[in-house]
Amino acid sequence: MIDDEDQILTAALGALGASGSGPGGRRGAMFAAKRLKKNVYETDLALAMSVEAATKHAEGILAQAGRMLEAEGAHLSGARVVRAIVGGGLGNMNPVLITLSLTGDGPERTAVSVRGAAKEGLIKQRAGEKTAKRIAELLAHQGTN
């Protein structure tokens, strides 16, 4: 299991390159991805539910939005960590790593930190920022039902 954002995003971009051009496309996409800067955005919100319920809620949203990943040390810091690769940018073709950290803030209250990270090329799409905001909105909206 890889836990480094850059490595995860590089591998995801390599997989996209391979889908169109085979092994050479994978190597080329990974070579380029290692040199790209990241667009990172973080936001916090609170959900009126227990940590267990909030974790299930978050997992459901991320599973619908993208491909779930296992996070190393998901319970070590006292926070539960949920991760997924979600499509962002133009045509949802840019892989965005969404990391949610959920911490109990009382019996029926959970603090959630949403982090979105994506590689950016010459055309700045702010995919990490836009996708993190979209996931935070889904969490907050559906968390009130």
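The side chain of T99 makes a polar contact with the side chain of R83 at 2.9 Å, a polar contact being a pair of N or O atoms within 3.5 Å in which, within protein, one atom must be able to donate a hydrogen and the other to accept it, and residues adjacent in sequence count only if both atoms are side-chain atoms. The model is a predicted one, in which local features need pLDDT of at least 70 and side-chain atom pairs count only at pLDDT 80 or more, whereas totals for chains, interfaces and linings use all residues. Residues are numbered from 1 along each chain as its sequence is written, and side-chain values use heavy atoms, with hydrogens and water left out.

T99 lies in strand β4, and R83 lies in strand β3; helices (H or I, at least four residues) and strands (E, at least two) are DSSP runs numbered from the N terminus. Buried here denotes under 20% relative accessible area, exposed over 50%, and partly exposed the range in between, for a 1.4 Å probe and protein chains only. Of the 11 residues of β4, 8 are buried, so this strand is largely enclosed by the rest of the structure. With neighbours within four places in sequence left aside, T99 is in contact (heavy atoms within 4.5 Å) with V81, V82, R83, S113, V114 and R115.

Five strands form an open sheet in the order β1-β5-β4-β3-β2, with antiparallel pairing; two strands are taken to pair if DSSP finds at least two bridges between them. The edge strands are β1 and β2 (66-69), each of which pairs on one side only. From one strand to the next, the twist averages 20°. Helix α3 packs on the sheet and touches β1, β2, β3, β4 and β5, its direction making about 20° with that of β3. Axes are lines fitted to C-alpha atoms, for helices over the stretch in contact, and angles run from 0 to 180 degrees between N-to-C directions.

Strand β4 is joined to β3 by 9 bridges and to β5 by 9 bridges. On the β5 side, T99 stands opposite R115, and L102 stands opposite V112. The hairpin of β3 and β4 has 5 residues between the strands, and G89 in its turn has a positive phi of about 75°. The hairpin of β4 and β5 likewise has 5 residues between the strands, with G106 taking a positive phi near 130°.

The largest nonpolar core has 22 residues, and those with the most contacts inside it are L62, I98, L100, V114 and L139. Such a core is a set of buried Ala, Val, Leu, Ile, Met, Phe, Trp, Tyr and Cys residues joined through side-chain atoms within 4.5 Å. At least two residues of this core are supplied by each of β1 (37-47), α3 (51-65), β3 (80-88), β4 (94-104), β5 (110-120) and α4 (127-143). The greatest contribution comes from α4, with 5 residues. A second, separate core of 7 residues includes I8, L69, I85 and L97. In the largest core, L100 is among the residues with the most contacts; beyond its neighbours within four places in sequence, L100 is in contact with A58, L62, R80, V81, V82, S113, V114, I135 and L139.
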